[in-house]
Amino acid sequence: MAKIKEHPLEEIGHQQRSLDPCILVIFGATGDLTSRKLIPAIYHLKREGHLPSNFVCVGFARREKTHDEFRKEMKEAVSSFSRVKPIDESVWGSFEKQLYYHVSDFDSREGYQNFKSFLEKLDLQHGTKGNRVFYLSTQPSYFPKIIQRLNETNLLYPYSEESDKWSRVIMEKPFGHSFQSACDLQQELLNYINEKQLYRIDHYLGKETVQNLLAFRFSNSIFESLWNNRYIDHIQITAAEELGIGTRGKFYEEEGLVRDFMQNHMMQLLSLVAMETPHNLTADAIRNEKVKVLECISPFSSNTFITDAVRGQYGKGFIDGKEVIGYRDEENVAKDSNVETYAAVKLFIDNWRWDGVPFYLRGGKRLPKRATEISIVFKGAPGKLFHLPNTKVESNVLTIRIQPNEGISLKMNCKIPGPTNTVQPVKMDFSYGSFFGLTPPEAYERLICDCIYGDSTLFAREDEVINSWRILTPLLDFWQENKEREFPNYAAGSFGPKGADELLQRDGKKWRLV
Amino acid sequence: MSSFKEMEKSGDLFNNLNFTKISHMSSEYIVEPSKIESQLNQIWDELQGIGKTRASLFNLIIYSESDKREDYLYKVARKVIEKFPCRVIMATIDYKAIKPVLKTSVSAITSESKSNAVACDFINISLSLCNRERTPFLIIPHLTTDLPTYLLWADDPCKQNPIASKLEALATRVIFDSELSDELNKFCHAAINHKERSGSDIADLNWGRIEGWRQLFSQTFKTKDKLDLLKKVSSIEICYNAFENEYLRHTKIQSLYLQAWLASRLEWTFKSYATEKAAVKITYMSDSKEINIHLKETATSEMIPGRITSVKLETPNGDFFSFERSKTSSQLVVLHYSTKDYCEIPSEFVIDKYESGLSLVKEIFHKGTSLHFLNVLKQLATHQEIL
């Protein structure tokens, strides 16, 4: 039945939003993401009473397994990976009755026909009303085929605002491998599905601190009035990981760091930091403004391949005092691999607000610590009032810590108590943990809930993804064609290659110590 | 007996000025009012070494005139800080005290969750009745500026209390506990009057306590076909736990709220209210059709008093909805839906966790005054027979 615009039993702001009954299907249900993130997230939604009262979750995969075997495995997964331990037996006991498993090849027409019948039976048994979320947690190469088969078996309904039932597809990254492949993939998908039914997940957008970026910028007038090229010198966005590539050697050899997280996570952060004020908080209003930012960034060209971008690959080194191997010695990695595990780039946003303000992005594996943050470095105070000998007057820096130790800090200068006018930088710090206590929900919890609700604000739209590829693909092509002879060029446990420091030194700046 | 002023002057007024450490989850020190902030700072200096972080999102004033509820309110405060760290200022008026009493103590309280690194300031103020007027003067200096202030008015708002308006003036939002009123009808009037008089936002813990049920109904009747069925319902049975304990004695309130909420949202017109032994029958009209609501008592000591245990709804066409607490876990509600020739597999919904303080947490989370709640108050206020 059709959705009611104003439901008499709902009150916005005084009640959780209520969700339509539905079945959530996870394709690739035997994979790591399902056991580590998705099922624990859905279990938490159940535990907190955030799932619809009529709800079923079905795992879809090729491996033979019974419903009970799947339930048992998922219970172990929740016990291991849940953010709240131990598992609540009564909640699990209830949840597992809503958990099913279906065996099929991703490509088998017959498998999908059987699957359709199975879902219809579940609809009748559980009152799920034919509403569907299909979560594609498989290798990206399967995405078009799965969506085609879902369409052929009428499991994907034609999109309509007025329709009495809905179907939506959540897609994991990466969306494409380059600008052209992303465009091709999009074209192919549009044969079977409407863009409004596609939810491209970027789990960074589900993080509380990333969501807070909008609130921080647009509900605090003191910062927004300084948020432009008059006051800001430059912006640094850092995504550092201390982990190596682990068992993802094959994936990394195909993708590299830029595709793994610069093209998606970091470009999302950049567009949220740089966007203009949306006229409201609807998905389209926000995403329109994000896209405008990306459209103002010129793609890399022969003039900037060398000067504005640096790549790196880690060699052996030390993490937490323990010796670790270099990238080329990792499992499933070529001994002469040319793949980057570090990248630093300089970008300019060609609009009134940001004219002349460089945005420096750096991301890397096997850096000394895990830290994702955005630093807004303000211009120095005018004049030389406090520029006394042996006195350091530093620029104000506003840092938004995405993970870990989520929070916001402001570096400012203060006079050291005493008879001289010596100035010293001090830090004002807001920490999420201190203020809000409990562990914030996992990004996947919010995102799954939003998809069931039909809110695509925190998902990447087609033009965001395509524009991001448009900027970075020429650089990736250049790197592909021009092998880096210096690899490996940074030791595991260091802050990246020397070239990355030089990138900023040329502009008279330096990377912030994260 | 020495006069209050003499006692105050001599220092006897304060039970102990030697910063006695009381063994507890956190240290508590009895101090003079003027030493509250300095003693708190001293406590925090001591706590720094064990990795606890001092945090506060708002001020929470808890005002109570019943010494019996102190432990209960302390539990409530701890539950609140688990979710939202805040500075808690608890003022308790001791009616029985013969001598003038003014006792202030400070401590840092932590949540029940051991993994939580956050701890909060807790200022406890005990006063005899003759000192009651000092309450706002003791509280005001210790409110953290620029942060919202919530007042949990843990007393009957129907009673005249000169302190009420003074504390309400400090508050962003006043949260009542209708449990403390002997007559729900009068409570509703008092709450409405308060809202009209002060303009401040109001809430009630019992309203917060049925949020899970309201959510469950919204979810279940989310689609138009199910909502249409709800509109056709002719009979509703609400069972509640009538078992009483020392803190909770007015066990019917949540059921009355739930039925009044349904009636106001579905625009039913009140017709009659009758009591039959332990049950209540309320009749409404909708488009010349009668809707009969029965409130029935059950009694179990294993569940918090007043909690709704089951709701059953039936249409004249034989559509039947049953929401019943699971026998294995009372935080789960089992949903059955059937028609004359069809039956859905029962599903389960996590409705609430039985922990003191969660209703207050929910009400702090919300902003403004719920229009649904105001309508329920108006609905119940108009019918004097509803107690």
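# A walk through a predicted two-chain model

Let us start with helix α5 of chain A, residues 143-152, which is mostly covered: seven of its ten residues are buried, where buried means under 20% relative accessible area, exposed over 50% and partly exposed in between, with a 1.4 Å probe and protein chains only. Helices (H or I, at least four residues) and strands (E, at least two) are DSSP runs, numbered from the N terminus. The model is predicted, so local features need pLDDT of at least 70 and side-chain atom pairs count only at pLDDT 80 or more, while totals for chains, interfaces and linings use all residues. Residues are numbered from 1 along each chain as its sequence is written, chains are lettered from A and ligands numbered from 1 in the order in which they are written, and side-chain values use heavy atoms, leaving out hydrogens and water.

The buried residues of α5(A) are A:F143, A:P144, A:I146, A:I147, A:Q148, A:R149 and A:L150. Their cover includes the strands β1 (22-27), β4 (132-136), β5 (167-171) and β6 (198-200), along with the helices α4 (109-126) and α6 (179-190), of chain A; contact here means heavy atoms within 4.5 Å. After α5(A) comes A:N154, with a positive phi near 60°.

Next, look for an open sheet in chain A. Its eight strands follow the order β8-β12-β13-β7-β14-β15-β16-β17, with mixed pairing; two strands pair if DSSP finds at least two bridges between them. At the edges are β8 (309-312) and β17 (423-431) of chain A, each pairing on one side only. On average, neighbouring strands are turned by 15° against each other, direction ignored. Axes are lines fitted to C-alpha atoms, for helices over the stretch in contact, and angles run from 0 to 180 degrees between N-to-C directions.

Within this sheet, β7 (residues 232-240) and β14 (residues 371-378) of chain A are antiparallel partners over eight bridges. There, A:I237 stands opposite A:I374 of β14(A). Helix α7 (residues 208-218) of chain A packs on the sheet, where it touches β14, β15 (397-403) and β16 (407-415) of chain A, and its direction makes about 145° with that of β15(A). Helix α9(A) lies across β7, β12 (342-348), β13 (358-364), β14 and β15 of chain A, at about 145° to β13(A).

Stay with α9(A), residues 249-274, to find A:S271. A:S271 counts as buried because its relative accessibility is 1%. Leaving aside residues up to four places away in sequence, A:S271 touches A:K290, A:V293 and A:L294.

From here we can turn to helix α10 (residues 283-295) of chain A, which packs against α13 (residues 462-481) of chain A at an angle of about 15°, with axes 9 Å apart. The contact brings together A:R287, A:K290, A:V291, A:L294 and A:E295 of α10(A) with A:D463, A:E464, A:N467, A:R470 and A:I471 of α13(A).

Finally, move to chain B, which has twelve helices and 18 strands. Of its 387 residues, 59% are buried. Chain B holds an open sheet of eight strands in the order β12-β13-β14-β11-β15-β16-β17-β18, with mixed pairing. The edge strands β12 (269-276) and β18 (347-350) of chain B have a single partner strand each, so one side of each is left without a neighbour in the sheet. The twist averages 15° from one strand to the next. Seven bridges link β12(B) with the antiparallel strand β13 (residues 279-286) of chain B, and B:K281 in β13(B) is the bridge partner of B:A274.
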